[in-house]
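Follow the strands of this model, then look at its aromatic side chains. The figure below is the place to start.

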Amino acid sequence: TILPVEDGIEPPERAPGRGPVSWVRSDGPADSTLYFDFDNDFLSLHTTTAVQRIADQFQQTKASAIDVQAFRGSSKLSNGNMLVEQPGTAENRATKIREILEGLGVTIASLRVILVPDVQPPNGIDDPWSRKVTLSVKK
């Protein structure tokens, strides 16, 4: 049953909301960061579209290279333990991005793949943002 609103009763304040979480951060047409779920190299529609835009930017500007920098991350659990992604995770992500870019017409000679071996220590708050691949078109 829904009761009618009574005079003098105001609805509670709405909790401050965070903006929607995006798994892609674009820093202009030539730079994007793709974020991933833990121990995963799955690319959603949004992340695949970002790779497509990077390939288009590379071809339209006749750039010399695309830097693909892959990271693996870690998460601090509620009990204080640290969970670190598997050692091959960054390489799997980089390989998938490289294969997609090649399929979009970017030559292998134009791709510079960098695997970052160090894992950032987690803080329990910003941990998802350490699981990423950055793409940068170089002139």
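S2 and S7 pair in the antiparallel sense over 5 bridges. Two strands count as paired if DSSP finds at least two bridges between them. Strands themselves are DSSP runs (E, at least two residues), numbered from the N terminus, whereas helices are H or I runs of at least four residues.

A word on the basis. This is a predicted model, in which local features need pLDDT of at least 70 and side-chain atom pairs count only at pLDDT 80 or more, while totals for chains, interfaces and linings use all residues. Residues are numbered from 1 along each chain as its sequence is written, and side-chain values use heavy atoms, with hydrogens and water left out.

Stay with S7. Strand S3 (residues 65-70) is joined to S7 by 6 bridges, and the two run antiparallel. Here Ala65 has Lys138 as its bridge partner in S7. S7 is mostly covered, with 5 of its 7 residues buried. Buried means under 20% relative accessible area, exposed means over 50%, and partly exposed lies in between (1.4 Å probe, protein chains only). In a regular strand, side chains alternate between the two faces of the sheet.

Now the rings. How many aromatic pairs does a search of the whole structure find? The search finds 2. Rings of Phe, Tyr and Trp (its six-membered ring) pair if their centres lie within 6.5 Å; planes under 30 degrees apart are stacked, over 60 edge-to-face, and the rest tilted.

Trp23 and Trp129 form a tilted pair, 5.9 Å centre to centre with 45° between the planes. Trp23 lies in the segment before strand S1 (24-26) and Trp129 in the loop between strand S6 (111-115) and strand S7 (132-138), so this pair ties together parts 106 residues apart in sequence. Trp23 is partly exposed at 31% relative accessible area. Trp129 is also partly exposed, at 30%.

Tyr35 and Trp129 have ring centres 4.9 Å apart and planes at 75°, so this pair is edge-to-face. Tyr35 sits in strand S2 (residues 31-35), 94 residues from Trp129. Tyr35 is buried, at 8% relative accessibility. Trp23, Tyr35 and Trp129 form one aromatic cluster.
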